[in-house]
Amino acid sequence: CVGRLGERMAGHAEFDRSRGPDFLAHSREAHRKKSCPMMSHRLALIDSAKQSLVVEMAYFNDRRFTAALARAVQRGIDVTVVTADQADVLANINRATCDTLMRLTGAPDNLTIVLLPRMVHSKVVVIDHRFSDVGSANFTSLSHGVYDEINLYADSEPFARALEQEIERHAAEGGRIVTDSRLTYRK
């Protein structure tokens with residue numbers, strides 16, 4: 001795994017979902033400026049969901065990820081988003097993104113949004129109770145093109161289920177958004 005991580009960070013190997021554990025990486029040294037293969041891989045993982053997506057994320061502000069989550073909701077995928085009610089940076093960014101997601105989808109029953117009363121620093125996506133994307137990259141443009149980022153990709157149902165259970169415990173601390181209303185926030 002350490003050798004594979006080195007290959008991925010150096011840009012010498014492509015992400016390979018079939019490997020089971022692999023790494024999603026963005027390295028300013030290895031990737032062209034304004035290029036982030038990590039983003040396209042993460043968006044493809046979201047688009048591959050067939051049953052469910054569980055996302056616990058510190059920061060949302062990249063419209064491409066919001067659109068990918070909206071597409072999943074519109075395909076009938078059960079989508080759960082857990083994030084901080086007020087981010088410690090750009091305070092209302094998460095509320096604004098969640099409101100956009102609700103407006104784009106019409107806020108159907110298969111969309112669950114939970115806002116926590118504390119800061120969230122997790123960067124976790126669980127797909128179909130089996131595939132996991134866990135690491136340092138948020139759903140932001142900074143994480144996909146500016147910062148060096150590394151996420152673990154795992155094809156392991158036990159690991160994915162354990163992550164989902166932990167996210168459920170976090171969600172119990174927050175408030176579920178009533179999806180037939182709008183989220184208010186200050187720009």
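1. Just after α3, Gly 76 adopts a positive phi of about 95 degrees. Helices (H or I, at least four residues) and strands (E, at least two) are DSSP runs, numbered from the N terminus. The model is predicted: local features need pLDDT of at least 70, side-chain atom pairs count only at pLDDT 80 or more, and totals for chains, interfaces and linings use all residues. Residues are numbered from 1 along each chain as its sequence is written, and side-chain values use heavy atoms, with hydrogens and water left out.

2. Helix α3 covers residues 63-74, twelve residues in all. Its span from first C-alpha to last is 16 Å, close to the 16 Å expected at 1.5 Å a residue; the expected span is 1.5 Å times one less than the number of residues.

3. Several residues of α3 are buried: Phe 65, Thr 66, Ala 68, Leu 69, Ala 70, Ala 72 and Val 73. Here buried means under 20% relative accessible area, exposed over 50%, and partly exposed in between (1.4 Å probe, protein chains only). The cover over these residues includes the helices α2 (37-47) and α4 (93-105), together with the strands β2 (52-57), β3 (78-84) and β4 (111-116); contact is taken as heavy atoms within 4.5 Å.

4. A search of the whole structure finds zero disulfides, a disulfide being a pair of cysteine sulfur atoms within 2.5 Å. Cys 1 is exposed, at 69% relative accessible area, whereas Cys 98 is buried, at 2%.

5. There are four aromatic pairs in the structure. Rings of Phe, Tyr and Trp (its six-membered ring) pair if their centres lie within 6.5 Å; planes under 30 degrees apart count as stacked, over 60 as edge-to-face and the rest as tilted. One of the pairs is Phe 15 with Tyr 153, edge-to-face at 5.3 Å centre to centre and 85 degrees between the planes. Phe 15 lies in the loop between α1 (2-10) and β1 (22-26) and Tyr 153 in strand β7 (residues 149-155), so this pair ties together parts 138 residues apart in sequence. Phe 15 is buried, with a relative accessible area of 13%, and Tyr 153 is buried at 0%.

6. Phe 131 and Tyr 153 have ring centres 6.4 Å apart and planes at 10 degrees, so they are stacked. This pair links strand β6 (residues 131-135), which holds Phe 131, with strand β7, which holds Tyr 153, 22 residues apart. Phe 15, Phe 131 and Tyr 153 form one aromatic cluster.

7. The charged end of Arg 17 sits over the ring of Phe 131, 4.6 Å from its centre. The criterion is NZ of Lys or CZ of Arg within 6 Å of the ring centre and within 35 degrees of the ring normal.
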